[in-house]
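Here is a short briefing on one model. Keep the sequence and the structure open as you read.

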Amino acid sequence: MRYSTKTRLLTGSAIVAAGCLFSADAIAQNVTIGMSASELGATAYNPVAASNLNTATSLIFDRLVEQDADQSYHPHLATGWEETPDGLAWTFTLLDGVTFHDDTPFNAAAVQSWIASYAGTENEYLVEAIESVDVVDDLTVRFNMKRPEPNLLYNLASAFMGIPSPTAYAELGTDFGVTSAAGTGPYALQRFEIGLQTVLVRNDDYTWGSDLSENTGPGHVETFTFREIPDQSTAFLELQTGGIDLLLGVPTDFLPILKAEANIQIIQMPGTGISYMPINVTAPPFDDILVREATTMAIDQDSIVAAVYGGVGAPARNFLISSLPEANVDEALNVTYDPARAGELLDQAGWTMGDDGVREKDGEPLAVDLFTANSTEFTRLTQVVQAQLAAIGMDAAITVFDSSTIRDEYKRNAHQLAVRGYDWNNSDILDWFFSGNRLGYPNVSMWEDEEGQRLNDVAMTESATAAERIANFTAYHEYVLSQHLFVPIYQPTQNIAFNSEKITVPDPVRGSRFRQQSFMDIQVAQ
Amino acid sequence: MILRYTFFRMLMLIPVSFSISVVIFMIVYLLPGDPIDNLLRVGSSPEDRAKLVAQYGLDRNLVVQYFVWIGNMFQGEFGQAIVLRRPVADLVAQNLPYSLTLGGLAFLFSSTVGMTLGTISAIVRHPVLDRMMRAFILLGSTVPGFWLALLLILLFSVKLGWFPVSGAGGWQSLVLPVLTIGFGGVALVARVTRVALMDARREDFVTLLHAKGLSSGTILFRHLMPHALLPVVTILALRIGWILGGAVTVEFVFGRPGLGSLLIRALGQRDYPVVQACLLMLALAVMLGTLIGDIAQAAMDPRVREKKS
Amino acid sequence: MLSVRDLGVAFGSVQPLSGVSFTVSPGETLGIVGESGSGKSLTAMSVMGLLPLIGGRITGGTVEFDGADVTKLPERAYRKLRGGKIGLITQNPMTSLDPLQKIGPQVDDVAKLHMGMTGAEARARTVEILGTLRIPEPALICDRYPHQMSGGMKQRIVIAMALAADPDVLIADEPTTALDVTVQAQIIRLLDDLVKERNLALVLITHDMSVVAQTCDKIVVMYAGRAVEHGPVEAIFDRPRHPYTQALIACIPRGLDDATRLTGIEGTVPTVLNYPKGCPFHPRCPRAEAICAVEPPEFSVEGDSAAACHFAEVAHVQPA
Amino acid sequence: MAVRSLDAFARMSIGRAFSSGVGLVAGGFLVLLVLVALLAPWIAPFDYAAQNLMNANAAPAWPHLLGTDEFGRDVLSRVIHGARTSLSVSATAIAISMTAGMALGAAAGYFGGFFERAVMTVVDLTWSFPDILIALIFVAIIGPGLTSTTFAIAIAYLAQFTRLTRAQIVRLKRETFIEATINLGAKPTHILLRHLMPNAIAPVIVVGMLAIGDGIVLEATLGFFGLGAQPPTPSWGAMMSSGTAQLFLSPWVIIFPGVAVAVTVIAVNLFGDELIRALDIRDRLRGA
């Protein structure tokens with residue numbers, strides 16, 4: 001009697017103690033992430049159909065292959081792959097024992113129906129070169145190609161090629177990724193409040209992490225809450241005051257302050273995009289290539305990097321991030337700051353300096369419109385650009401639009417100059433922004449050129465090998481540069497800041513972006 | 001009596017709701033830009049466009065569109081958000097609780113605190129207190145809401161670290177938004193209560209109440225308060241819609257979800273069905289507010305009951 | 001019963017009332033007359049102890065009720081007097097009742113408060129009093145709101161409230177001014193009857209000399225915050241000695257022709273802020289001499305009446 | 001006190017409003033502010049648009065008395081020029097709103113009938129919506145910028161003036177001297193312009209004066225949303241739109257324009273209150 005009472009007591013206290021531990025853990029085991037401004041506003045966790053995906057997507061879905069920061073490809077759900085010498089067939093072997101969150105198996109059939117589901121979607125271009133998919137056996141698939149596609153692995157590693165459960169995808173239809181989602185990733189979608197937050201809960205069955213993570217088993221952290229904070233500076237304050245534990249995409253100008261905080265650590269990764277100023281070639285005075293060239297010389301990239309971004313990041317000299325081989329163009333074509341030469345060119349074009357510091361031609365002042373979108377960090381940069389344009393005698397009037405209206409303005413061809421940016425680490429971005437098929441938006445430069453289109457087609461569809469593709473895109477890139485269609489300004493870094501009292505984050509970060517592979521290694525600090 | 005009044009008052013809502021719905025429907029057509037453009041894949045053909053336009057019924061005659069729309073609204077069918085690609089009802093359902101919580105708390109806060117302060121300042125005639133009260137009322141009705149919000153963040157979040165900077169998690173995140181909206185509300189309600197009480201006090205019948213030998217307390221609570229409440233209730237009722245819609249600034253600064261921020265977002269994206277639904281909800285709140293205010297007035301004031309029914 | 005002696009009232013540094021004295025006994029009606037602004041209503045408020053309500057205070061003199069000075073009475077004790085021993089009837093019946101409450105409860109209050117009655121008892125009493133005031137269907141009236149009733153009816157309700165606790169003194173401040181002529185007469189007759197039936201002491205404040213002549217036993221004439229003449233009503237009307245009293249009497253219409261009423265006194269009543277020095281009436285007085293502008297006149301007593309005029313001795317010789 | 005003409009209104013009320021202590025201080029401040037706004041280019045110590053990125057976010061100190069913003073621009077100069085934007089936008093907007101509102105309200109009040117009901121239904125509708133919401137929708141319709149901000153503010157307050165004017169006209173129409181004029185067969189325009197409007201105008205002008213304060217706040221809020229003045233034009237609201245982080249980096253960028261708005265609006269309100277007192281029209285303002 002006595003003995004059993006004692007045991008009960010002991011057990012009771014153990015339960016109490018465990019309860020305390022558990023609840024303390026439960027609080028600690030949630031890590032809150034602030035999304036970066038560029039990834040706000042995703043409407044669905046649907047890699048196949050959505051045009052906007054955020055970092056949380058990479059935790060819900062795995063990809064066949066992963067790309068590291070050095071552009072090398074690593075196996076993930078595909079353990080290996082082989083391309084035929086003519087480039088017309090790719091064979092992938094798949095990882096065994098992988099299941100989706102809805103407990104259906106991941107296998108060759110799943111891959112087959114997944115690729116097919118891209119037909120008719122915004123992201124169809126990713127699989128456009130694939131003619132058909134054969135199921136060789138349960139864990140082997142073969143992609144039969146229409147043409148060689150050296151960019152296939154890049155596409156497969158992109159966020160838009162996360163693999164959803166075919167069963168759930170068919171069942172949920174347009175609700176997939178909205179009400180619920182199923183992938184094979186280390187975390188499952190628990191709750192998605194659009195525009196507000198996404199809660200992910202750990203997939204305890206997960207044992208198939210890629211070799212980009214230390215941890216290939218279930219994640220260390222129980223739940224991740226991804227918050228969408230529209231105002232970057234609010235997000236910054238949230239990190240400082242402990243409202244979030246990790247902030248993806250810290251605005252560069254906040255870095256010095258965060259660096260001074262003892263409990264905040266910063267990870268800087270190479271950027272995957274540039275900020276630039278497209279020039280509308282159809283809008284006078286920019287139909288004159290001399291004026292365009294002068295404009296490209298008006299922007300002082302180095303001082304912008306130094307003063308606006310505190311020396312973080314790099315000046316942009318052409319349209320591609322410098323880690324891409326296609327960014328190595330003829331040095332003469334790279335854009336550099338040269339206000340004197342800009343002045344000469346403008347004089348040559350007939351725009352002479354007026355008394356009030358604004359150039360004139362036939363009594364008309366050199367006054368132009370400079371657009372930007374309000375939901376981004378560009379308003380600040382735009383004002384500096386405005387001041388620098390003023391220095392060469394160009395009077396630019398800023399209008400700040402919401403992102404939807406500014407797109408309408410582009411489509412209406414109502415713009416002259418704009419400050420914007422993109423985030424893409426592949427040279428096919430040139431096609432996106434300069435193809436004559438997409439005038440207005442995204443071809444904000446409104447550039448339609450026979451030679452350009454020819455070079456574009458060659459680069460996009462006629463490259464048989466990676467080397468050929470590089471050469472073709474470099475040629476296209478150089479031609480684009482020679483036409484002075486835009487002014488490259490800045491290559492930002494990806495800045496990730498976290499609260500080191502709350503969590504530990506892998507160092508160095510692998511992969512081209514801070515996503516699944518890095519989240520796998522995040523731990524709650526003791 | 002009061003039922004009769006309510007019935008007639010509600011009858012009057014029919015033409016008003018009709019004009020509101022027409023105005024809201026028209027606003028959307030005045031908006032520049034086109035949600036279909038947002039939906040279209042880059043490089044789509046005009047045929048793709050026409051298909052989408054037809055899918056959303058935007059190719060029909062405006063009057064037909066209006067009646068289809070209003071018919072759907074009556075069935076609680078808000079339609080599908082074009083850009084956000086989900087049922088508008090879901091979006092409203094997701095955002096409305098946030099609006100109601102914030103609005104409700106701000107409403108409670110401003111009415112209770114405002115009426116208390118107003119009453120105190122009307123009965124305690126202390127020159128210093130009076131001056132402080134007037135200064136507070138002046139500040140409350142003039143300081144821009146967003147600026148107050150920023151200052152509160154600076155003090156309570158950044159310097160003191162008491163409340164979160166933004167978001168909508170837990171009661172802590174409600175404190176500063178409620179204070180921000182409440183501050184103006186408290187000032188307004190306090191001012192109206194104060195003026196109403198002081199006006200009521202000057203009424204002739206109050207002399208007679210004193211002459212009957214009633215105590216000041218009885219007079220205040222049984223006779224003056226009901227009089228003071230008449231204008232206060234009107235103001236409070238009007239504020240229901242005002243708080244819900246006017247919260248947009250506060251929602252913006254604190255990064256909170258809600259009807260206001262949903263509306264702003266949808267305006268930006270030209271998401272017609274969402275804009276219409278949000279405006280309709282807000283208009284509904286405004287109408288409900290005035291309705292409640294009028295009925296409350298009628299319940300409290302026999303003169304109103306008779307004049308209008 | 002009620003005796004006011006040398007009453008003075010101030011608002012801040014302004015002294016709108018000084019040196020007012022009068023006495024009323026049960027069954028007696030005292031009239032206080034004067035143009036508006038002469039301090040009649042203020043006198044009523046002072047007696048009711050309601051000066052603090054309008055920001056004033058008593059600066060001198062006494063208000064004796066049943067032989068005890070009540071000016072120093074604490075508010076709680078004063079409340080027992082108000083409505084209990086002294087009833088007040090105010091000027092404007094249209095605004096004298098709380099528009100948000102039914103008639104019944106407003107009258108019931110008084111009996112509940114001062115006679116310790118329960119709700120039902122008080123209602124019974126209310127109905128009874130309304131009945132004695134010749135209000136038809138008193139039980140139904142109790143469920144009405146003030147705005148549903150005529151002015152005369154409302155004034156009867158106000159009188160009922162004043163009578164509900166069987167007071168000894170009734171102060172009626174211009175009870176008929178806001179009513180039309182026929183109703184005026186009814187109300188005055190009603191008050192007159194009440195004084196006789198209930199042995200009330202009535203203080204009737206009015207600007208209407210003809211009302212005073214009909215109903216009052218005694219009279220106090222006020223001008224610019226002072227009593228200028230007082231005495232039995234017959235004496236005053238027979239031989240008014242103060243020029244102001246004479247002028248007031250001269251203004252009484254001598255027929256039904258309303259136009260005669262318009263023959264008023266020249267000039268205007270001085271406001272509190274510019275009370276003249278000396279005799280306050282001298283700027284308007286047909287008989288003023290140098291001394292009047294310098295020296296305030298003393299009361300000159302003659303029989304039961306007294307007049308504050310330097311020339312009171314000779315004044316009554318002049319034809320009215 | 002009945003105001004029989006606009007002249008009398010101007011003569012009596014303005015002078016009287018200034019004559020009280022509070023009125024003098026508030027009115028004096030406003031006069032000063034208008035002068036500052038008018039003379040901004042000569043008073044401002046620096047060019048409001050001149051950037052100096054090497055001296056960004058500098059704390060208040062000589063020569064930048066109120067510090068510099070994220071572009072190294074002088075905050076004091078921007079506040080001074082901002083007064084220009086804020087005051088002119090608000091005053092223009094209210095002038096438009098008042099004129100349109102008086103016309104609508106007078107017509108509705110004078111002619112009555114279906115026209116009145118139609119106008120008042122729409123007016124009551126907008127009146128019960130928050131001003132910021134109306135302005136935001138309007139700016140969404142015609143796009144951002146100072147012109148659209150001006151019209152947005154004008155629209156947001158139109159209801160207020162229409163209601164007030166109509167209430168005045170309806171009240172005046174019942175007065176005997178107007179009835180007499182109408183009975184004498186005067187033309188409606190004559191009655192409206194010669195008899196009704198001059199008598200109705202005083203409360204409308206006072207409310208307009210107060211509404212300028214509201215207009216400044218609304219302009220600031222739209223500016224804060226980034227929808228008002230476009231860079232580099234300074235307006236008090238737009239100066240604060242750089243976001244909450246400025247609170248941490250350089251709070252003066254947010255605090256000083258906000259103080260400018262608050263103090264100005266307080267002065268407008270105090271002076272307006274004095275005007276109401278001087279004109280003794282509090283009761284006439286209540287009805288509307």
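Helices (H or I, at least four residues) and strands (E, at least two residues) are DSSP runs, numbered from the N terminus. This is a predicted model, where local features need pLDDT of at least 70, side-chain atom pairs count only at pLDDT 80 or more, and totals for chains, interfaces and linings use all residues. Residues are numbered from 1 along each chain as its sequence is written, while chains are lettered from A and ligands numbered from 1 in the order in which they are written.

- Most residues other than glycine have a negative phi, and most peptide bonds are trans.
- D:Trp62 and D:Pro63 are joined by a cis peptide bond, with omega at about 0 degrees.
- D:Pro63 sits in the loop between helix H3 (40–43) and H4 of chain D.
- Chain A has a cis peptide bond too, between A:Pro284 and A:Pro285, with omega at about 5 degrees.
- The loop between strand E13 (273–278) and helix H8 (289–296) of chain A holds A:Pro285.
- A:Asp103 is not glycine, yet its phi is positive, near 70 degrees.
- Find A:Asp103 in the loop between strand E5 (89–94) and helix H3 (108–116) of chain A.

- Two packed helices are described by the angle between their axes and the distance between the axes.
- Axes are lines fitted to C-alpha atoms, for helices over the stretch in contact, and angles run from 0 to 180 degrees between N-to-C directions.
- Helix H4 (residues 75–111) and helix H5 (residues 113–127) of chain D pack at about 140 degrees, with axes 7 Å apart.
- H4(D) and H5(D) are therefore oblique to each other (under 35 degrees counts as roughly parallel, over 145 as roughly antiparallel, 65 to 115 as roughly perpendicular, and the rest as oblique).
- The crossing of H4(D) and H5(D) is left-handed (the near helix is turned anticlockwise from the far one by less than a right angle; clockwise makes it right-handed).
- Residues are in contact if their C-beta atoms, placed from the backbone, lie within 7 Å.
- H4(D) brings D:Leu104, D:Ala107, D:Ala108 and D:Phe111 to the contact, and H5(D) brings D:Gly113, D:Phe115, D:Glu116, D:Val119 and D:Met120.
- By class, the residues of this contact are seven nonpolar, one polar and one charged (Ala, Val, Leu, Ile, Met, Phe, Trp, Tyr, Cys and Pro count as nonpolar; Asp, Glu, Lys and Arg as charged; the others, Gly among them, as polar).
- H4(D) also packs with helix H9 (residues 188–224) of chain D, at about 145 degrees and with axes 7 Å apart.
- This time the crossing is right-handed.
- The contact of H4(D) with H9(D) has 17 nonpolar, four polar and one charged residues.

**Where chains meet**

- Chain B gives 30 residues to its contact with chain D, and chain D gives 30 residues.
- H11(B) supplies the largest share of the side of chain B that touches chain D, with eight residues.
- That side of chain B has 23 nonpolar, seven polar and no charged residues.
- Chain B meets chain C through 18 residues of chain B and 25 residues of chain C.
- Helices H10 (204–211), H11 (216–254) and H14 (302–308) of chain B each supply at least two residues of the side that touches chain C.
- H10(B) gives the most to that side, with six residues.
- The side of chain B that touches chain C has seven nonpolar, six polar and five charged residues.
- Chains A and C have no contact, and their closest C-alpha atoms lie 49 Å apart.
- Chains C and D have no contact either, with their closest C-alpha atoms 18 Å apart.

**Domains of chain A**

- Chain A has domain 1 (7–239 + 496–524) and domain 2 (275–491), with bounds from an automatic or database domain assignment.
- The centres of the two domains, taken over C-alpha atoms, are 35 Å apart.
- Their contact takes 10 residues from domain 1 and 12 residues from domain 2.

**Confidence in chain C**

- pLDDT is the predictor's confidence in each residue, from 0 to 100.
- Chain C has a mean pLDDT of 82, and 94% of its residues reach 70 or more.
- Across residues 256–262 of chain C, pLDDT stays under 50.

How values were computed:
Two residues are in contact if their C-beta atoms, placed from the backbone, lie within 7 Å.
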